[in-house]
Amino acid sequence: MSAPSPADLLPLAGRHVVLGVTGSIAAYKAADLCSRLRQLGAAVEVVMTPAAARFVTPLTFQALTGRAVVVDVFAADEAEAHVEVARRADAFVVAPATADCLANLASGQTPDMVALTGLATRAPLLVAPAMDNQMWEHPATRANVETLRERGVHFVGPGEGRLASGRVGPGRLAEPAEIAGAVRAMLGQVIGDLRGRHVVVSAGPTQEPIDPVRFVGNHSSGRMGFAIAEAARDRGARVTLVAGPVAPETPYAVERVAAPTVAEMLCALEKATASADALIMAAAPVDFRPLDPAAQKLKKLPGQETLTIRLGKNPDILATLPGPRVRVGFAAETENLAANAVAKLAAKRLDFIVGNDVTAPGSGFGTETNEVTIFYAGGTVEQLPLMSKYAVAHAILDRVAARL
Ligand code: CTP
């Protein structure tokens with residue numbers, strides 16, 4: 001799988017996901033998952049067990065997917081269709097999966113449409129278990145989970161927390177957002193063009209302390225770097241995201257390392273890039289840091305009108321790091337984009353640098369979109385149209401993949 005085409009920018013565009021729903025009280029959350037998968041661009045088709053249909057009606061899923069929902073294996077007009085559902089799948093996701101469902105999937109028995117689809121499909125299988133903690137911990141369930149894992153089945157959750165029984169323990173269905181992330185990660189690991197690769201991405205600003213409550217920073221939101229991390233994960237890479245203090249949630253299956261200052265970012269990146277195939281440096285490290293950060297909060301003195309803080313130069317992280325094989329930088333400029341970007345490309349020994357004019361509409365800090373120009377080490381220049389940051393991320397990764 002390479003990047004979606006620019007017209008087709010949703011992460012699951014072109015993918016046919018079959019969602020199996022089994023009879024747990026968590027079945028209502030499958031409706032949310034179904035809607036999320038659709039919003040991510042997937043075509044979704046639902047199969048249910050009769051027990052699941054007692055918790056949530058097939059009509060709910062039919063309305064969400066725009067497709068007939070198969071519950072009865074023996075229904076006359078579905079007799080031929082039931083195996084075809086399994087054949088159409090690019091991914092089969094069972095959420096929630098009951099203990100009974102795990103037993104059927106492990107043993108190859110097919111008493112219902114979900115188990116039957118599990119046996120008939122050759123698509124990768126993701127299972128999101130949900131059950132009482134005593135059932136989850138029972139040796140029978142442990143053995144079934146082990147069998148399925150050995151067979152290459154992917155699992156997401158269950159989480160720990162309050163269960164329907166009122167008890168607290170493992171058995172809660174993973175959150176729909178997490179399951180959707182796991183579907184994307186699984187498809188990447190099975191068919192992604194970056195599978196087996198380790199991609200390191202940096203994101204966000206740094207905050208260089210003035211005193212314990214104040215810092216020197218910048219407006220970087222981290223969104224571009226997070227989009228690259230997500231897109232690389234979607235293409236099957238192992239991703240380490242070294243991030244300054246920014247809010248976005250860590251994408252599923254991405255290893256996040258916190259790096260509040262340039263010194264910490266350099267240290268984290270030295271470690272992460274030692275075994276990496278590519279570094280994409282989307283962070284905005286602060287160039288100058290207060291040389292003598294105060295140990296206590298600075299107080300205004302009577303009559304004080306100015307404050308002088310001595311700043312010293314921070315190391316250039318990209319220029320300092322020796323590797324890895326593919327090196328990509330960013331140049332966010334307010335003027336002379338081409339000249340500045342080309343100078344940085346050479347000084348930091350980059351394969352290419354992604355330049356953008358942060359003053360242009362739709363580009364720069366905190367926006368969902370970006371319009372970038374790529375400057376290559378060989379001298380070529382490529383202007384890309386205004387796109388979502390996720391689409392820009394794929395465009396960058398296309399060029400990284402070509403160099404690996
Ligand atoms: N960068 C870095 N270490 C720094 C500063 C920047 O590794 N201390 C990286 C950025 O992550 C980016 C590239 O270098 O990939 C260019 O960053 P930018 O801030 O645009 O340029 P600087 O090199 O800092 O130069 P200037 O501030 O003079 O524009």
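Strands E8 (residues 198-203) and E11 run parallel and are joined by 6 bridges. Here, helices (H or I, at least four residues) and strands (E, at least two) are DSSP runs, numbered from the N terminus, and two strands pair if DSSP finds at least two bridges between them. You can look for histidine 198, which stands opposite arginine 238 in E11. Before going on, note that this is a predicted model, in which local features need pLDDT of at least 70, side-chain atom pairs count only at pLDDT 80 or more, and totals for chains, interfaces and linings use all residues. Residues are numbered from 1 along each chain as its sequence is written, and side-chain values use heavy atoms, with hydrogens and water left out.

E11 also runs parallel to strand E12 (residues 255-258), and 4 bridges join E11 to E12. Leucine 241 has arginine 256 as its bridge partner in E12. In the loop between E11 and E12 you will find alanine 253. Alanine 253 has a positive phi near 70 degrees, although this residue is not a glycine.

## The nonpolar core

The largest nonpolar core holds 39 residues, and Ile228, Ile280, Ile396 and Val400 touch the most other members. A nonpolar core is a set of buried Ala, Val, Leu, Ile, Met, Phe, Trp, Tyr and Cys residues joined through side-chain atoms within 4.5 Å. Which elements give two or more residues to this core? They are E8, helix H10 (223-234), E11, strand E13 (278-281), E16, strand E17 (352-357), strand E19 (373-376) and helix H14 (389-403). H14 gives the most, with 8 residues.

## Around the ligand

The shell around the ligand has 14 residues, and Ala283, Asp287, Leu318, Lys344 and Lys348 come nearest. A residue counts as near if one of its heavy atoms lies within 4 Å. By type, the shell divides into 9 nonpolar, 1 polar and 4 charged residues. In this count, Ala, Val, Leu, Ile, Met, Phe, Trp, Tyr, Cys and Pro are nonpolar, Asp, Glu, Lys and Arg are charged, and the others, Gly among them, are polar. Helix H12 (317-320) and strand E16 (326-333) each supply at least two residues of the shell. E16 gives the most, with 4 residues.

Now zoom in on the atoms. A backbone N or O atom of isoleucine 317 lies 2.9 Å from a nitrogen atom of the ligand. A backbone N or O atom of phenylalanine 330 lies 2.9 Å from an oxygen atom of the ligand. Lysine 344 brings a polar side-chain atom to 2.8 Å from an oxygen atom of the ligand. How much of the ligand's accessible area does the protein cover? The protein covers 76% of the 560 Å² that the ligand has on its own, with areas from the Shrake-Rupley method and a 1.4 Å probe.

The loop between E16 and helix H13 (337-347) contains asparagine 336. Asparagine 336 has a positive phi of about 45 degrees, although this residue is not a glycine. Is asparagine 336 buried or exposed? Asparagine 336 counts as exposed because its relative accessibility is 54%.

## The five-stranded sheet

Another part to find is an open sheet of 5 strands in the order E2-E1-E3-E4-E5, with parallel pairing. Its edge strands are E2 (43-48) and E5 (154-155), each pairing on one side only. Inside the sheet, 4 bridges join E1 (residues 16-21) to E3 (residues 91-97), and valine 17 stands opposite alanine 91 in E3. E3 also contains proline 96, and the peptide bond that joins alanine 95 to proline 96 is cis, with omega about -5 degrees.

The loop between E5 and E6 holds proline 158. The peptide bond from glycine 157 to proline 158 is cis, with omega near 0 degrees.

Strands E6 (residues 159-162) and E7 (residues 168-172) pair in the antiparallel sense over 4 bridges, with glycine 159 opposite arginine 172 in E7. E6 and E7 form a hairpin with 5 residues between them. In the turn, glycine 166 has a positive phi of about 100 degrees.

Technical notes:
A polar contact is a pair of N or O atoms within 3.5 Å; within protein, one must be able to donate a hydrogen and the other to accept it, and residues adjacent in sequence count only if both atoms are side-chain atoms. Buried means under 20% relative accessible area, exposed over 50%, partly exposed in between (1.4 Å probe, protein chains only).
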